[in-house]
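Trainee: I would like to go through the side-chain contacts in this model. Please show the sequence and structure.

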Amino acid sequence: MRGTRRGTAAVAVVAAGFMTATAGCGLVGDSEGVAAASPEPTPPFTTRTAADEIAGLALAGGLPEGDTSTAGLPRGGWRTCVAPWTGDAPAAEAAGAFEATVLRLRQHDWELVSSHSEQDITYRTLAKRGWKLYARHYTADTSEAGQAVSLTAVEDGCRLPRKVRGDYEDPT
């Protein structure tokens, strides 16, 4: 009998130890140990998403409403992986609005890849979620409407026609 009592006591101690360990791990009535729900999946960054974001940040940066169409450009499937924005800003405000727009883009997770100037063109290239954004400010291009600014996002892997490649990509 003695052996039986000892065996029963040992099982009770083991069972009590197991329950304590289980409760301490957050499995039984311990809400502090429960893992938080995983965040919502990030929505896809589509051509429409890129175009809307660029247009909104351009306005917020002080640029006027721009043209987001590909009218007059070569036809083809490449249009589905490009989000163009072009506009003219008053000459006195164009440089500041261009830089303010680039700053806003950076505040919205566009990472600056390169920055330089050649002759009368300021270039900024930014990247975000599989896209490159080629931003340009043309200081010599002063017309009645002002100085030209272009902000064109191109999805990585997009095959641009030779006719537009130079207008969109960074020359460096």
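Disulfide and aromatic contacts

Mentor: Cys81 and Cys158 form a disulfide, with 1.9 Å between their sulfur atoms; a disulfide here is a pair of cysteine sulfur atoms within 2.5 Å. This is a predicted model, in which local features need pLDDT of at least 70, side-chain atom pairs count only at pLDDT 80 or more, and totals for chains, interfaces and linings use all residues. Residues are numbered from 1 along each chain as its sequence is written, and side-chain values use heavy atoms, leaving out hydrogens and water.

Trainee: Which handedness does the disulfide of Cys81 and Cys158 have?

Mentor: Handedness is read from the torsion about the S-S bond of Cys81 and Cys158. That torsion is about 55 degrees, so the disulfide is right-handed.

Trainee: Is Cys81 buried or exposed?

Mentor: Buried means under 20% relative accessible area, exposed over 50%, and partly exposed in between, with a 1.4 Å probe and protein chains only. Cys81 has 11% relative accessibility, so Cys81 counts as buried.

Trainee: What geometry does the ring pair of Phe45 and Trp110 have?

Mentor: Rings of Phe, Tyr and Trp (its six-membered ring) pair if their centres lie within 6.5 Å; planes under 30 degrees apart are stacked, over 60 edge-to-face, and the rest tilted. For Phe45 and Trp110 the centres are 5.8 Å apart and the planes at 65 degrees, so the pair is edge-to-face.
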